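Take a walk through the model below.

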Amino acid sequence: MAHVPSAIAITAMRPEEYPLLVEFLYQAIHVSPGTPAPDRSVVELPELRRYIEGFGRPDDACMVARAGLPNGPQIVGAAWARIFPNNSAGYGTIDTATPEVSISLLPDWRNRGIGHRLMTALLDRLRTDGHAAASLSVQRTNANALHLYESRGFTIISEHDGELVMRVALAD
């Protein structure tokens with residue numbers, strides 16, 4: 001179990017921290033109970049790597065959760081979004097104008113309400129940046145994530161083999 005943080009601050013990720021997205025991409029992979037976790041090299045597959053490769057493009061956005069720990073602040077969660085071109089669509093891409101959202105927390109930091117705060121901050125950022133909507137994909141079996149997304153206004157727009165694509169309107 002992680003140390004109890006003195007505080008959790010939600011802030012924008014700094015460019016020098018972008019390499020940390022490799023770990024958060026890995027942590028975002030849903031593994032059903034009783035199923036072994038994939039090898040860490042899975043994040044090098046093109047269909048996953050596209051979520052973080054070259055992060056920092058003009059439409060990219062990332063918010064992080066920083067825990068104040070005795071040994072200094074540590075990033076324990078990240079929520080990020082990017083727009084994909086048609087020739088490189090993500091799993092939850094709905095068009096070339098809507099950012100696709102990803103979120104994950106380090107295992108010891110889950111189920112503490114941090115994901116709710118991160119998602120809210122990212123959606124607020126996307127709204128401020130002028131986006132009308134955001135999308136994502138989630139496996140139907142990932143009940144905790146599905147609950148988080150529904151609590152933030154995401155609704156299911158399609159399903160294929162247990163993989164849901166969800167959308168939330170950001171415009172008022």
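Begin at D161, which sits in the loop between β6 and β7 (163–169). This is a predicted model. Phi of D161 is near 50°. That is a positive value, in a residue other than glycine. Is D161 buried or exposed? Its relative accessible area is 74%. The cut-off for exposed is over 50%, so D161 is exposed.

N111 also has a positive phi without being glycine, here near 60°. Look for N111 in the loop between β4 (100–105) and α3. Its relative accessibility is 68%, so N111 counts as exposed.

How far can the coordinates be trusted? The protein averages a pLDDT of 91. Of the residues, 95% score at least 70. Residues 1–5 need care: pLDDT stays under 50 there. For this stretch the model has 14 contacts beyond four places in sequence.

Now follow the chain from the loop of N111 into α3. Helix α3 covers residues 114–128. Its axis and that of α4 come within 10 Å. How do the two helices cross? The angle is roughly 45°. Angles under 35 degrees would count as roughly parallel, and 65 to 115 as roughly perpendicular. The α3 and α4 pair is therefore oblique. The crossing is right-handed.

Which residues make the meeting between these helices? From α3 come G115, H116 and M119. From α4 come H147, L148, Y149 and S151.

Next, the charges. Side chains of opposite charge can pair when their charged atoms come close. How many salt bridges does the structure hold? There are ten.

One of them pairs R57 with D60, at 4.0 Å from N to O. The cut-off for a salt bridge is within 4 Å. R57 has 35% relative accessibility, so it counts as partly exposed. D60 has 7% and counts as buried, because buried means under 20%.

A second bridge joins the side chains of R125 and D129, with 3.1 Å from N to O. R125 is partly exposed, at 29% relative accessibility. D129 is partly exposed as well, with a relative accessible area of 41%.

Where do the partners lie? R140 is in the loop between β5 (133–139) and α4 (143–151). E159 is in strand β6, residues 155–160. The pair therefore ties together parts that are 19 residues apart in sequence. R140 is partly exposed, with a relative accessible area of 40%. E159 also counts as partly exposed, at 44% relative accessibility.

Some salt bridges share partners. In this way R14, E16, E17 and R66 are joined into one network.

The loop between β6 and β7 holds D161, with its positive phi. Helix α4 itself meets α3 through residues including H147 and Y149.

Methods
Residues are numbered from 1 along each chain as its sequence is written. This is a predicted model: local features need pLDDT of at least 70, side-chain atom pairs count only at pLDDT 80 or more; totals for chains, interfaces and linings use all residues. Side-chain values use heavy atoms; hydrogens and water are left out. Buried means under 20% relative accessible area, exposed over 50%, partly exposed in between (1.4 Å probe, protein chains only). Helices (H or I, at least four residues) and strands (E, at least two) are DSSP runs, numbered from the N terminus. pLDDT is the predictor's confidence in each residue, from 0 to 100. Contact means heavy atoms within 4.5 Å. Axes are lines fitted to C-alpha atoms, for helices over the stretch in contact, and angles run from 0 to 180 degrees between N-to-C directions. Angles under 35 degrees count as roughly parallel, over 145 as roughly antiparallel, 65 to 115 as roughly perpendicular and the rest as oblique. A crossing is left-handed if the near helix is turned anticlockwise from the far one by less than a right angle, and right-handed if clockwise.
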